[in-house]
Amino acid sequence: MASNRSYWRSRKPKNARKLGRGYLVRCDALDLLGSLRNECADIVFLDPPFNLGKKYGSRGGKADRNSESEYEQFMQSVLRESVRILSPGGALYLYHLPQWAMRLGAILHGEMTFRHWIAVSMKNGFVRGNHLYPAHYALLYFTKGVPKTFNRPKVPAATCRSCGQFVKDYGGYKRYIESGINLSDIWEDLSPVRHAKYKKRPENELPLELTNRVVQISGEKNGLLVDPFVGSGTSIISAYDASMRYAVGDRETTYCDITEERLKEHIEKKILKVLCAENLP
Ligand SMILES: C[S@@+](CC[C@H](N)C(=O)[O-])C[C@H]1O[C@@H](n2cnc3c(N)ncnc32)[C@H](O)[C@@H]1O
């Protein structure tokens with residue numbers, strides 16, 4: 001059962017903005033995590049910068065490029081703090097490139113229970129040097145001991161675009177398949193939102209379906225989701241829809257503004273939908 005106790009360690013950070021059921025803070029990830037009390041979170045969702053030299057934020061955003069050891073140390077601290085704030089049975093998700101998922105996952109070994117390495121399909125990856133074509137991102141899923149919440153979402157079975165038939169042969173199980181198949185650890189139907197028309201920020205953002213699944217698997221009503229690299233706010237849309245609370249942050253003002261705007265718009269649309277439905281004859 002999710003607790004309604006305050007999740008701040010002492011007082012909430014000065015610049016915390018109240019947003020719907022939670023707070024958004026413009027600050028460094030370690031400051032946000034550090035301001036939260038032990039064992040308060042049900043989900044910690046981490047989609048950190050990949051240390052590839054990307055510049056976040058339209059004006060004056062900091063470039064994301066540190067030495068490997070500096071980056072590893074930073075991520076080590078982020079993971080240590082994430083484990084500290086997770087409640088027993090709480091879930092940690094880390095989205096990263098496989099080479100970093102492997103190194104950072106190893107840090108969690110012994111502290112957390114490994115659940116899954118989820119392969120999220122990467123479209124339009126580039127072959128570099130003498131490597132194979134990179135076709136997936138890793139979404140690591142760990143829990144602090146036995147998961148306190150675990151739901152297995154059902155997803156529609158893949159069908160052929162032209163004939164509408166199932167792509168795989170399900171033999172005599174076809175009629176069960178019609179209500180959906182159990183979600184596997186390969187998510188081929190998702191990839192980062194790249195088209196400017198569909199995303200809220202110039203850089204790639206996560207597809208909403210990805211964070212929806214995370215919340216579906218490990219979320220509970222009134223539970224707390226923490227995302228210290230919130231970017232354009234994808235995770236809080238999912239948390240809001242699942243009636244969760246959230247404490248999120250980003251170092252860049254531009255993204256905090258985008259997140260705030262996105263959630264406000266989302267809430268307004270939902271209210272409008274309810275009002276329209278109530279007024280239907
Ligand atoms: C990969 S993006 C997250 C994208 C997000 N999941 C979405 O769907 O929009 C990483 C974010 O982390 C932020 N960031 C980078 N370094 C940070 C730090 N040290 N503390 C807090 N935020 C940071 C960047 O500004 C960027 O918005």
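View 1. Asn 222 is found in the loop that runs between α5 (208–218) and β12 (224–227), in a model that is predicted. Phi of Asn 222 is near 70°, a positive value in a residue other than glycine. Most residues other than glycine have a negative phi. With a relative accessible area of 30%, Asn 222 is partly exposed. A second example is Glu 39, which has a positive phi of about 55° although it is not a glycine. Glu 39 lies in the loop between α1 (29–34) and β3 (41–46), and Glu 39 is likewise partly exposed, with a relative accessible area of 43%.

View 2. Ser 87 has its place in strand β6, which covers residues 86–96. Is Ser 87 buried or exposed? Its relative accessibility is 7%, and because buried means under 20% relative accessible area, Ser 87 counts as buried. When residues up to four places away in sequence are not counted, Ser 87 touches Glu 39, Cys 40, Ala 41, Asp 42, Lys 144 and Lys 148. Ser 87 and Ile 43 are 44 residues apart along the chain, and their C-alpha atoms are separated by 8.6 Å.

View 3. The ligand is surrounded by 21 residues, of which the closest are Ala 29, Asp 47, Ser 232, Thr 234 and Asp 250. The residues of this shell divide into 11 nonpolar, 3 polar and 7 charged. An N or O atom in the side chain of Thr 234 is 2.6 Å from an oxygen atom of the ligand, while an N or O atom in the side chain of Asp 250 is 2.7 Å from an oxygen atom of the ligand. Arg 251 takes part through its backbone, where an N or O atom lies 3.1 Å from a nitrogen atom of the ligand. On its own the ligand has 600 Å² of accessible area, and the protein covers 96% of it.

**View 4. Phe 74 and Phe 229, an edge-to-face aromatic pair.** A pair of aromatic rings is described by the distance of the centres and the angle of the planes. The count for this model comes to 11 aromatic pairs. One of them is formed by Phe 74 and Phe 229, which are edge-to-face, with 6.2 Å from centre to centre and 75° between the planes. This pair links distant parts of the chain, since Phe 74 is in helix α2 (residues 68–85) and Phe 229 is in the loop between β12 and α6 (234–241), 155 residues apart. Phe 74 is partly exposed, with a relative accessible area of 22%, whereas Phe 229, at 13% relative accessibility, counts as buried.

**View 5. Tyr 93 and Tyr 141, a stacked aromatic pair.** The rings of Tyr 93 and Tyr 141 form a stacked pair, 4.7 Å from centre to centre and with 5° between the planes. Tyr 93 lies in strand β6 and Tyr 141 in strand β8 (residues 136–143), so the pair ties together parts that are 48 residues apart in sequence. Tyr 93 is buried, with a relative accessible area of 0%, and Tyr 141, at 1% relative accessibility, counts as buried too. Elsewhere in the model, Tyr 7, Trp 8 and Tyr 23 form one aromatic cluster.

Terms used: Residues numbered from 1 in each chain as written. Predicted model: local features only at pLDDT ≥ 70, side-chain atom pairs only at ≥ 80, totals over all residues. Heavy atoms only, no water. Near = heavy atom within 4 Å. Polar contact = N/O pair within 3.5 Å; in protein donor to acceptor, adjacent residues only side chain to side chain. Areas by Shrake-Rupley, 256 points an atom, 1.4 Å probe, with all protein chains shown as cover. Nonpolar A, V, L, I, M, F, W, Y, C, P; charged D, E, K, R; others polar. Helix = DSSP H or I, 4+ residues; strand = E, 2+ residues; numbered from the N terminus. Buried < 20%, exposed > 50% of the residue type's maximum accessible area, 1.4 Å probe, protein only. Contact = heavy atoms within 4.5 Å. Phe/Tyr/Trp six-rings, centres within 6.5 Å; stacked < 30°, edge-to-face > 60°.
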